[in-house]
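Please read this briefing alongside the sequence and the 3D view shown below. The points are grouped by topic.

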Amino acid sequence: MKTILDLKPVFNPDENPRPVIIAGPCSAETEEQVMETAHQLKNIGIKIYRAGIWKPRTRPNAFEGIGSIGLSWLKRVKEETGMLTTTEVANMKHVYEALKFGVDILWIGARTSANPFAMQEIADTLKGVDIPVLVKNPVNPDIELWIGGIERLLAAGVDRIGVIHRGFNTYSKSVYRNDPHWQLPIEIRRRIPNITLIGDPSHMAGKREFIMDLSQRAMDLQYDGLMIESHCDPENAWSDKDQQVTPEHLKYILDKLILRQPKASDQQAITLEEMREEIDKYDQELLEIFDKRMRISDQIGTFKKQNNITILQTSRWDEIVTQRTNTGLSKGLSEEFVTKIFSAIHQESINRQTRIMNSDDKVN
Ligand code: PEP
Ligand code: MN
């Protein structure tokens, strides 16, 4: 039986040097959209085209994928552009269909890799088939479950297996759609040193503006490549429209990517990323608290307007500065820092209350 040490690289470095870029729409929607996106991506140098044919959606009645007809469009993409194609499979039927239409690489989605029954079914279907498979991380941050999926495929004889890091579902509020938890993919790489590791900044981000930064972080952690969702008309995409980028935008991102040689050791890099992730969370919490605080200020503004009270009450401001500075000092924050922050907050409150005072809204 094959073990994780028998794994072969998914990509040949001569044909697909690092960084390997897999791009294409979240979903195949129409033949025109699939072909137009493919030609635009081919023109910017992309060699591997992705498109979801069957979409695992959280709620029914959302667009659940175009189904097998879309595979004939992917075949056309391959014929017309020479790009390799890849799609998501989640069960035996998907695997049969994808193989029938000559899809080059299969990927397994995050909801499927979390399900050992589904992983076993896919592995059993792939017995004796030589095709590369990319396994996305399961939705929950369970490294054993992720590796378990790889082992099921290996036991079925599949030896070109890579992983896609797409982030993990989160219950708490986060800037990202799926929290990266960079330490998990790095731990996979520690345990399986020759595994092909691809980042999926699109599904981590959930918003196109975070893709650049997440892509750079993945490259700095020595990922082999990236899978990025790209659509010829993202605003009108049938799924994941906020995170898709046009091929032109993708080119801009890829041109800006810096390929650094490893400086920090893997362990140092993980530690750094973990700390940065914590900072991201706290910054997000700060913004949410500022928002809550400003809403209360607005309520006070309305109250002052109703009762004809002046906005600025000097005694209240003195009290705030003194009290906050003392608390800050007791926590080791400098007086200058605390004063600056509270002056800015106070000024913003005054600005908002002034707007409320001067608005024409009738106060009952
Ligand atoms: C996708 O790649 O479009 C997809 C459904 O991703 P995930 O399995 O990561 O949610
Ligand atoms: Mn998607």
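**Ligand 1 and its surroundings**

An oxygen atom of ligand 1 sits 2.8 Å from a side-chain N or O atom of Arg111. This is a predicted model, in which local features need pLDDT of at least 70 and side-chain atom pairs count only at pLDDT 80 or more, while totals for chains, interfaces and linings use all residues; side-chain values use heavy atoms, with hydrogens and water left out. Residues are numbered from 1 along each chain as its sequence is written, and chains are lettered from A and ligands numbered from 1 in the order in which they are written.

Contacts of the ligand

- In the side chain of Arg166, an N or O atom is 2.6 Å from an oxygen atom of ligand 1.
- His203 has a polar side-chain atom 3.2 Å from an oxygen atom of ligand 1.
- On its own, ligand 1 has 300 Å² of accessible area, and the protein covers 97% of that (Shrake-Rupley method, 1.4 Å probe).
- The residues surrounding ligand 1 include Cys26, Lys55, Glu88, Trp107, Lys136 and Glu229 (a heavy atom within 4 Å).
- By class, this shell holds seven charged, three nonpolar and two polar residues (Asp, Glu, Lys and Arg count as charged; Ala, Val, Leu, Ile, Met, Phe, Trp, Tyr, Cys and Pro as nonpolar; the others, Gly among them, as polar).

Lys136

- Lys136 is part of strand β5, residues 133-136 (strands are DSSP runs of E, at least two residues; helices are runs of H or I, at least four; both are numbered from the N terminus).
- Lys136 counts as buried because its relative accessibility is 4% (buried means under 20% relative accessible area, with a 1.4 Å probe and protein chains only).
- The side chains of Lys136 and Asp200 are joined by a polar contact of 2.7 Å (a pair of N or O atoms within 3.5 Å, one able to donate a hydrogen and the other to accept it).

Nonpolar cores

- The largest nonpolar core has 66 residues, and Tyr49, Leu106 and Val133 are among those that touch the most other members (a core is a set of buried Ala, Val, Leu, Ile, Met, Phe, Trp, Tyr and Cys residues joined through side-chain atoms within 4.5 Å).
- Helix α6, residues 143-155, gives the most to this core, with six residues.
- Another core lies apart from it, with eleven residues, including Phe11 and Met227.

Whole chain

- The chain has 13 helices and eight strands.
- Of its 364 residues, 46% count as buried.

Terms used
Buried means under 20% relative accessible area, exposed over 50%, partly exposed in between (1.4 Å probe, protein chains only).
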